[in-house]
Amino acid sequence: MVHKEAAPRKPRGRSKLEKIHGRTADRRPVITLNERGQPVSSDGKVVAELSRFLGTVVKYNVSLTHINWRVVPDQLKNKMWEYTRVNMIPLSAYILSLIHI
C-alpha cells in the first residue's frame, strides 16, 4: 500500500467581501433597526453581513498604530462613515453610536 503525501493546505487569505463591497444599490439588503437603533433580522444573516462589512471597512482603513478607537482621527471616521452610507443603507443612529461622531 502506497501512501501519498497530502498536498499542503493553502492558508485562508484576507477576507475582502468583494461581493458585498461591489454590490449595486438595488442589490443591497434591507436592514431593519429595533427601537434602540440596532440592526436586527429574523435569521441573523443580514446583521452578520453588516458586521463583516464594517469589520472590513475598519480593517482596510485604520492603522494598527491606533491602539484605541477614540484616538482614530475624526476625519478618518467620517471617511469610513461616508463609505458605509454609500455602500449600505443609511444606519445613522447605530453606526454613529459605534464611531462616536
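These notes go through the predicted model point by point, from overall layout to single residues.

1. Basis. This is a predicted model: local features need pLDDT of at least 70, side-chain atom pairs count only at pLDDT 80 or more, and totals for chains, interfaces and linings use all residues. Residues are numbered from 1 along each chain as its sequence is written, and side-chain values use heavy atoms, with hydrogens and water left out.

2. Confidence. pLDDT is the predictor's confidence in each residue, from 0 to 100. Its mean over the protein is 79, and 78% of the residues reach 70 or more. Among the elements, H3 has the highest mean, 88. Helix H4 (residues 92–99) has the lowest, 59.

3. Layout. The protein has four helices and two strands. Their order from the N terminus is α-β-β-α-α-α. Helices (H or I, at least four residues) and strands (E, at least two) are DSSP runs, numbered from the N terminus.

4. Of the 101 residues, 27% count as buried. Buried means under 20% relative accessible area, exposed over 50%, and partly exposed in between (1.4 Å probe, protein chains only). Contact means heavy atoms within 4.5 Å. Of the contacts between residues at least 6 apart in sequence, 55% join residues at least 24 apart.

5. Helix H2. H2 has 15 residues and reaches 21 Å from its first C-alpha to its last, close to the expected 21 Å. The expected span is 1.5 Å times one less than the number of residues. Buried here are Val46, Glu49, Leu50, Phe53, Leu54, Thr56 and Val57. They cover an arc of only 160° around the axis, which puts them on the same side of H2. The arc is that of the directions from the helix axis to the C-beta atoms.

6. Glu49. This residue of helix H2 deserves a look. With 16% relative accessibility, Glu49 counts as buried. Not counting residues up to four places away in sequence, Glu49 touches Ile20, Arg23 and Pro29.

7. Helix H3. The end C-alpha atoms of H3 are 20 Å apart, which agrees with the 20 Å that its 14 residues should span. Leu76, Lys77, Met80, Trp81, Thr84 and Asn87 are buried in H3. Their arc around the axis is only 140°, so they sit on the same side of H3. The face turned away from that buried side carries the exposed residues Asp74, Gln75 and Lys79.

8. Core. The largest nonpolar core has 13 residues. Such a core is a set of buried Ala, Val, Leu, Ile, Met, Phe, Trp, Tyr and Cys residues joined through side-chain atoms within 4.5 Å. Phe53 and Met88 have the most contacts inside it. H2 and H3 each supply at least two residues of this core. H2 gives the largest share, five residues. Leaving aside neighbours within four places in sequence, Met88 is in contact with Ile20, Arg23, Arg28, Ile31, Leu50 and Phe53.

9. Aromatic pair. The structure holds one. The rings of Phe53 and Tyr83 have centres 6.0 Å apart and planes at 5°, so the pair is stacked. Rings of Phe, Tyr and Trp (its six-membered ring) pair if their centres lie within 6.5 Å; planes under 30 degrees apart count as stacked, over 60 as edge-to-face and the rest as tilted. Phe53 lies in H2 (residues 45–59) and Tyr83 in H3 (residues 74–87), so the pair ties together parts 30 residues apart in sequence. Phe53 is buried, at 0% relative accessibility. Tyr83 is partly exposed, at 33%.
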